[in-house]
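Please open the structure in a viewer and keep the selection tool at hand. The stops of this tour are taken in turn, each beginning with a selection.

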Amino acid sequence: MGLFNSKEFNLDLPDSNITYYSIFLDHQSADRYFQIFLKDLNWQQHDITIFGKKMPQPRLTALYAVNEVPYSYSNLTLIPKKFTPELLEIQQKLNVLTGKDFTHCLANFYRDGNDSMGWHSDDEKALGTNPVIASVSLGGVRNFQLKHKSRQDQKFKLDLEHGSLLLMAGTTQHFWKHQLPKTKKQVAPRINLTFRTIL
């Protein structure tokens with residue numbers, strides 16, 4: 001599996017530590033992982049509660065981990081399955097790159113442009129004070145958006161490419177929200193692997 005850091009840049013946004021690696025996985029590896037995860041991961045569509053209303057998530061998800069610790073968000077608690085060999089390969093590469101020990105992977109499957117993720121921060125108590133979130137993108141290119149929680153002039157957009165890695169660390173989750181909005185453009189299916197540490 002190829003891992004390249006040559007196309008790395010820090011987004012240089014205030015109150016954050018966000019780094020984008022446009023080529024984390026080489027194209028051939030990214031293609032192979034996409035096909036494996038599409039077929040083998042335990043994709044499910046859960047109901048979540050937002051502002052007191054229950055609705056189906058506009059995407060499919062699957063939770064995997066090296067331990068049995070559940071993960072809760074949006075009044076939803078997921079019980080992880082054990083890392084697959086392929087998820088373990090990517091986790092170990094991320095551990096080497098970041099010096100962190102990622103325990104969980106919340107995978108998201110965006111089937112088309114109608115699937116999305118609303119504005120949120122990954123700030124659940126279980127993730128710790130300054131969580132490191134490693135987000136690996138496979139498949140269709142989607143637009144990722146960031147906005148500062150208190151400074152309305154601070155916004156940022158980034159197209160997440162096939163085989164890329166977005167690393168959010170430091171105080172990012174305290175000061176920033178992010179989303180993956182719906183789009184009317186024709187977009188290919190996308191799998192997003194979000195690695196995090198939950199003990």
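The tour below moves from loops and strands to salt bridges and surface patches.

The model is predicted, and residues are numbered from 1 along each chain as its sequence is written. Local features need pLDDT of at least 70, side-chain atom pairs count only at pLDDT 80 or more, totals for chains, interfaces and linings use all residues, and side-chain values use heavy atoms, with hydrogens and water left out.

**Stop 1: the loop between β1 and β2**

Select Asp12, which is found in the loop between β1 (8-10) and β2 (17-21). Helices (H or I, at least four residues) and strands (E, at least two) are DSSP runs, numbered from the N terminus. Asp12 counts as exposed because its relative accessibility is 66%. Buried means under 20% relative accessible area, exposed over 50%, and partly exposed in between (1.4 Å probe, protein chains only). The phi of Asp12 is near 55°, a positive value in a residue other than glycine. Most residues other than glycine have a negative phi. Next select Asp15, found in the loop between β1 and β2. Asp15 is not a glycine, yet its phi is positive at about 60°. With 32% relative accessibility, Asp15 counts as partly exposed.

**Stop 2: Phe9 in strand β1**

Move to Phe9, placed in strand β1. Its relative accessibility is 38%, so Phe9 counts as partly exposed. Show the contacts of Phe9: leaving out residues up to four places away in sequence, Phe9 touches Ile18, Thr19, Tyr20 and Leu158. Contact here means heavy atoms within 4.5 Å. For a distance check, select Lys81 as well: the C-alpha atoms of Phe9 and Lys81 are separated by 33 Å, and the two residues are 72 residues apart along the chain.

**Stop 3: two buried residues**

Select Ala134 in strand β11 (residues 133-139). Is Ala134 buried or exposed? At 0% relative accessibility, Ala134 counts as buried. Not counting residues up to four places away in sequence, Ala134 touches Leu94, Phe102, Leu165, Leu166, Leu167, Leu193, Thr194 and Phe195.

Now select Arg59, in the loop between β4 and β5 (60-65). Arg59 counts as buried, with 5% relative accessibility. Aside from neighbours within four places in sequence, the contacts of Arg59 include Gln44, Gln45, Asn108, Phe109 and Tyr110. Among the others are Arg111, Asp115, Ser116 and Met117. The C-alpha atoms of Arg59 and Asn17 are separated by 27 Å, the residues being 42 residues apart along the chain.

**Stop 4: salt bridges**

How many salt bridges does the count come to? The count comes to five, where a salt bridge is a side-chain nitrogen of Lys or Arg within 4 Å of a carboxyl oxygen of Asp or Glu. Select Asp122 and Arg196, whose side chains meet in a salt bridge (3.8 Å, N to O). This pair links distant parts of the chain, 74 residues apart: Asp122 is in the loop between β10 (117-120) and β11, and Arg196 is in strand β16 (residues 190-196). Both Asp122 and Arg196 are buried.

Continue to Asp123 and Lys149, which form a salt bridge with the closest N and O atoms 3.8 Å apart. Asp123 lies in the loop between β10 and β11 and Lys149 in the loop between β12 (142-148) and β13, so the pair ties together parts that are 26 residues apart in sequence. Asp123 is partly exposed, with a relative accessible area of 47%, and Lys149 is partly exposed at 38%.

Then select Asp40 and Lys39, another salt-bridged pair, with the closest N and O atoms 3.1 Å apart. Asp40 is partly exposed, its relative accessible area being 44%, whereas Lys39 is exposed at 65%.

**Stop 5: surface patches**

Show the surface and select Ile50, Phe51 and Met55, which make a nonpolar surface patch of about 340 Å². Patches are made of residues with over 30% relative accessible area and no salt bridge; like charges are joined within 9 Å, and nonpolar side chains (Val, Leu, Ile, Met, Phe, Trp, Tyr) within 5 Å. Accessible areas come from the Shrake-Rupley method with a 1.4 Å probe; for residues, only the protein chains shown count as cover. Phe51 is found in the loop between β3 (47-50) and β4 (53-56). Phe51 counts as exposed because its relative accessibility is 85%.

Finally, select Lys147, Lys155, Lys157 and Lys177, which gather in a patch of positive charge on the surface. Lys and Arg count as positive and Asp and Glu as negative, while His and the chain ends are not counted. The place of a charge is taken as NZ of Lys, CZ of Arg, CG of Asp or CD of Glu.
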